[in-house]
Every structure is written in C-alpha cells, then in structure tokens.
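Hi everyone, thanks for making time.

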Amino acid sequence: ALPGHLLRVLLPLLTVFHLERAEDAARRAGLSTQPIWRKLWDDVMKTRPPNSESITCWRKKFLETFFSNVLHGVLDVSSDWRLNDRHFSPLLHSSPHVSQLTLCNMLQGAVELTAEHNHKVLENLAGSLRVLKFQHLLSCDQSVRRSLVLLLHRLIHHGSVSQVSLYSWPVPDTVLLILILTMSAGFWRSGNALAYHGSPCGLCREEDKAQSQESAQEGAERGCNAEQEGSGGENQNRSPKEADACMNSVLSGPRSPPLQNPACEEASSEVPCGHTSIQGGSCPHSCSEQLSCHPIPRKTRRRVKPAGGRKRRCLRRSRGHCADPEDLYDFVFTVAREDNSGLLDKTRTTEGENTENWTSSSPGSPCTGHAGCKKRGGPAGILSLKAAHRFRSVSTLELFSVPLTGETCRTLSNLLSSWVSLENLVLSYNGLNANISCILSGLRALSRHPECRFRALRVSDMFSHVPCMELVRCILSALPQLHTLSVSFDLKNQLEGSRPEANPGCSEAEIPESCLEVLEIRFPKEPLHTAFLLPVLKASKSLQQLSLDSATLPCPQELGLLLEVLKECTPSLKKLSFHDVNLAEHQKEVLLLLQDPGLQEITFSFCRLFESSTAEFLSEIINTVKRNSSLKSLKLPGNRLGNHRLVALADIFSEDSSSSLCQLDVSSNCIKPDGLLEFTKKLEGHIQQRGGQLPFTHLRLFQNWLDQDAETAQEALRRLKAVCSVVNDAWDSSQAFADYISVM
C-alpha cells in the first residue's frame, strides 16, 4: 500500500526475497522492476548473457540462471547482501521461474533435486519446467541412476517437460543413454516400483485408484473375464481380493499396449521383410520400399492417447510381476524371457564388458537389424516391455554429438515407432551412417499411427552415407506428413571417393504429395542437380522456405533451371536462402530472384556476389530492390561489400523507392567505422526527404571491422539506433587480415 514514489525509492534496496514479493505491488503502481533485475544480473552473474537483446523478462532470466548456478554449486549466496536473506531459500523460491534446466557431468543436480529436503522444489519444477538438457554426462553408479529415474518420472511422466536434449557425450554410457531415451518416450515400469524415499509414487497410486474404479465399472458392464460371463450373478459375491485381481487383469492386459511388432511376430525366420539399409548412392526398387517393414499397431480396448501437454493416467500391472525397484540396471538390460523360448543372449560391448543387449520393442515397432525380421525373441537382447507402462512422453527429442551404435539405433527406432506425442526430432553428429535407415524405419512405423503428430526432422552429421538428394527423397517418401526437413552433412563418405551415380529407379520414383513447408539441405560440396530436386519440389506444393547450403553448380545453366522449377512447382515459396554457393558468374539469375514478387526474404550468404562484378551490377541490384514492394528482408553476409557498396545500398530507401525492405543483414562484409557513418548520414538524408517515413527497422552488423576506430563507430551506431534496431558484436578484426588484403 506504499505510494508509488516511495516504492520507487525502496525497490532497489530490497533483497531478492522481498523484491520478488513486491513484484505485484510495483505492477499495480505502474513501476517496472526490470532495471533492478538487470542490475542484479550484472552484479551477481558478472557476465553478458547470450542474445541479451531478445530477453524480455530479466526477472525470469536472473532467477532461472540463479537456480542453476546454486544447484551446481557455482554461486555462493553469501557473496551478495541481496541474496543473503534468512527468509530466502535459493532453490525453493527460484524454482517456479525455471522453464529450462541443464544437468551435467555426474548428475549431481539430479541427486540434489530428489533429496527429501527438496521435495517442494521438485514439485515446483514439475509445474514450471519445459526443457530438460543433459550435457557432458559421465558414467554414474546405481544410486545416481536411481535419483535420475525419480527425477525423470516426476518431471516427464507427471510433469510438464516437453523437450529432452542431450549434448556432447563422446563416449555415452549405454545404460544411462537408454534409460533417458526410454523414460523420455514414456516407457517405464509400474508406479509402485518408483518409490520416493521408501514410498511408492503418490501420483501413480492416486491415478491407479481412479483408473481401477473406472476399469471395475467397465468390467461390470462387459464382463471382467470368461468366468464372470459364465457365472453371472455369482460374481457379485466375489471377495475384494478377487475383485482387485480382476481389475489388475484388465489393467495389465488390454489396457497395456502390446509391445511386439505383429508383422515381425508372424513372419517366418526364413522370409525377410525387405528391411535393407541405404547403401552408398543406390536405392531399392523404390525409395519408399527400403523402409518396407512397417508394422500396423495393434488395437487395444482403450487407445493410448498422445501425452503432449497434459498428464497421463499411469497404467498399473499385477504386483506379482514387479521387478526389484533398486535394480535399474537389470530393468534396462533384461532381455525377453518368453515362456516357450527361455532365451537369454548376451553380447560383448565395445568396452569389452559382458552386458546384455537391450532393444525395446513397442507397438508398431519396426524390424530390428538390417537382415530382416526375426521371430519373437529372435534378435539378441530384445527387451519385452510388457512389464513396462506408457506414461506421459515428451514432444521434442534432441541428440547433439552423442554417438549412436547400431544397437542403440535399433532401440531408438523401436521407441520411435509408437512415440505418438513426438513432434520434433533432432539428430546431430551421431555417426549414424547406414543406421539412418533403422531410424527411418521407426519413424515410418510412427507415421502410420492414427494419432501421430510428428512434424519436424533434422539430421546432420560429419559424413553423408548417401547423396543428400537421395536421402531427402527417401525421407519424404517414408514421412509425407513432415512440415520441416533439414538434412546437413560436412563431407562425403570417406569410402565413396566421389559422388556415386544417381540410381535411376530412385530418382524417377514418384514421391507422394507431402505437407513440407520448410526444406533445408546442406550439401557436402556435392553438385546441385535440378533434375534430382525436381521430384521433391513437385511433391511439396506447400513449400514456403528453401535453403541450399554448400552446393556446387555443375554448369552455368543449372541455376536458371532451378529458378524455373521453383516458379513452376512452389507457388507458396516465401523464403529462399543460398549459403556458400558460388554465384559470382550468375548475376542474371540473382537479379531475377530479387525481382520475384512472391519472395519476401532472400539470403545470399557467402556467395561471392561481388567477386568479379562491376559497378553496374550493384546499381542493378539497388534498382531492382527499389521496385520490389514485396521483399521484406535481404541478407547479404559474407559478400565483401566493403564501405563503398554499403553506402550505395542506402539508396534502396531513397525518395523514389517503392521498396518495403525492413531488414538488412550486412554482417561479415569488411565494413569499417567511417563507411558505417557515411551510410548512416545518407540514410538520415533519405528519411528527411521521405518526411520521416521509412520501412527500414532492423540492421545486422556482426563481425565487421568496427573496432578500428571506436569513437567513429560509436557515433555511427548511436545515430543508427535512432533510425532502426541495430544488432552488432564486439569482434576482433585483426583475425580478418586476409580478407582485408583481398578487398584492398
């Protein structure tokens, strides 16, 4: 109830605890606490956060980072009087503001969060956390894995985490990796095996109770089992124990999804189902046929609904089948023990340890291995997940620099095949090679699920096992519902030598009409053949964004052919990007693109546009953009504009221009402070001529030579920021001496 002027004086003097409590009062008084939180960041964190210009709430940014730093022991709360408050519990009071969290190394953070004294902290995170990241993980012991299980169960299965990301794990611990993947997919065993400090999961217990009552009601209507059907009214006198056994039977039977691939179960071991890997440059008869082993999910009495965005009811099974809750290792690496097979195969891992291979098998799972389907229990180490249940699962999975072995790929493939809540999958530098076909097999099985929501796939790696366009065609043939596809490779396969000849059957195969809206291809310096891209573009009538990176043009006419195809096949295209594609000899095609009335954003990044051009070419670019009222964004990073070309670009906004250009990117263009100042003065003159009206709103200046004259640069930036939003960085231009010489 303090007056606004008094509150304005008091706010900077408050501790974090009291500042947080005064937030509502400040808002009612029309006061912003953002400057105070920003100063707290500067004083406590003493670093500049990445993308600080895009931070909209410094309160959340500070408290989220503060939580992480305290959790990992890198921040001492006694270091600042504003943090050292006896009423302030660092983890408890900051946890409601944490939407993403990174766990590192030995997972000490997981152990701390699942400690009994942090129970309320974990409850807060279950409601606020959306993104859970793992980075630089190391092997850990059984007790740490136990803590991780409790954490994942609470935050994913009974929480709000929608994205799991793993970063930089050069030698992944197979037990830990499969544990994270399995629980992210919503698979784990019964809730009463997930004890929290000696007590079964309360949420599982409550939901099981509600579900048992529902199942009992359903069982009464249609009959719980054959005995009930035969005995009629006799069952009404059944004991509570018998009734509970009946409900458990219903829950562990029809309500638990079948976890074996029916196609694989029924197939004879002598008859392969055509699941073959993609081999260098060749495809089977049809691209889509190489993923031909696609199962059809079994129907259950109650369909398992996707779990994105809301809590799931936890399935329960008979307690007689519960594994030892302390033995996570055995759960992850237990192989299927079918009554008739008694199979228990072990294989030796790359580290030489004798461990049991594990591959989860789930509804609609694809074939395991490349040699064809096996009978149930055939491949070594298939885990029967009948003992597991489906909980809530995440919608985004990202694996960055986490090597995946063949066995791990088959595990992931089987999880993917029924991961109906999954919308985005990112696989980056995982050393997939031929195992990409195994992943696609699982995704194809998923795409056939009626509740599939999978929409975005991003695959990048060091070496390309097949030419990029063949892989793109095979992916779209298998996953026509994709909205976003990104394929990126640094180098060709070491064993390929040169690009193999295109397979006629694959290049001529029809691709089903797709929903693709965004297509990004990074070629490992492969030739861009429009004929190979044509089937993809024909099938992608909804394409809005196309990015071509590091491609070579095999002949001068190739770019012209591409423009014709784009105009004919992609009427909805709005954004077109070329990166590291030599366009020095394609000035005519560049001008045609700049005058295209359908494109709203064009990027020529490191395309050597002005390497052999004349002054007339720059004038033609300027005049073309001035006449194009539909182009909103022009990005020209890395084209060696220099000072004089930058100054000339200001004429795009002259009085006689009809341009609607609002974003210009001139990063990495050898621009010096005096050139930027002259550009600014010329821009100010055009604004005056146009009566203060200018569509231009954003200028990007990363990695230019603005440090050569700090005073001039500051004046130019100060005047520019009065005209538009400017994004730049503090870059050491001495690293670019070679570029400087070439521009001179």
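First, a term: helices (H or I, at least four residues) and strands (E, at least two) are DSSP runs, numbered from the N terminus. Axes are lines fitted to C-alpha atoms, for helices over the stretch in contact, and angles run from 0 to 180 degrees between N-to-C directions. Before the numbers: this is a predicted model, where local features need pLDDT of at least 70 and side-chain atom pairs count only at pLDDT 80 or more, while totals for chains, interfaces and linings use all residues. Residues are numbered from 1 along each chain as its sequence is written, and side-chain values use heavy atoms, with hydrogens and water left out.

So, how do H25 and H26 pack? Helix H25 (residues 673-689) meets helix H26 (residues 710-721) at an angle of about 25°, and their axes are 8 Å apart. That makes the two roughly parallel, a label for angles under 35 degrees. On the H25 side, the contact (heavy atoms within 4.5 Å) includes Leu 676, Phe 679 and Lys 681, and on the H26 side Ala 713, Glu 715 and Leu 717 are among the residues.

Now the whole protein chain: it has 27 helices and 23 strands. Of its 744 residues, 54% are buried, meaning under 20% relative accessible area with a 1.4 Å probe, protein chains only. Among contacts between residues at least 6 apart in sequence, 84% join residues at least 24 apart.

Finally, Phe 62. Leaving out residues up to four places away in sequence, Phe 62 touches Val 16, Trp 37, Leu 40, Trp 41, Val 44, Met 45 and Leu 83. Thanks, all!

How values were computed: Angles under 35 degrees count as roughly parallel, over 145 as roughly antiparallel, 65 to 115 as roughly perpendicular and the rest as oblique. Buried means under 20% relative accessible area, exposed over 50%, partly exposed in between (1.4 Å probe, protein chains only).
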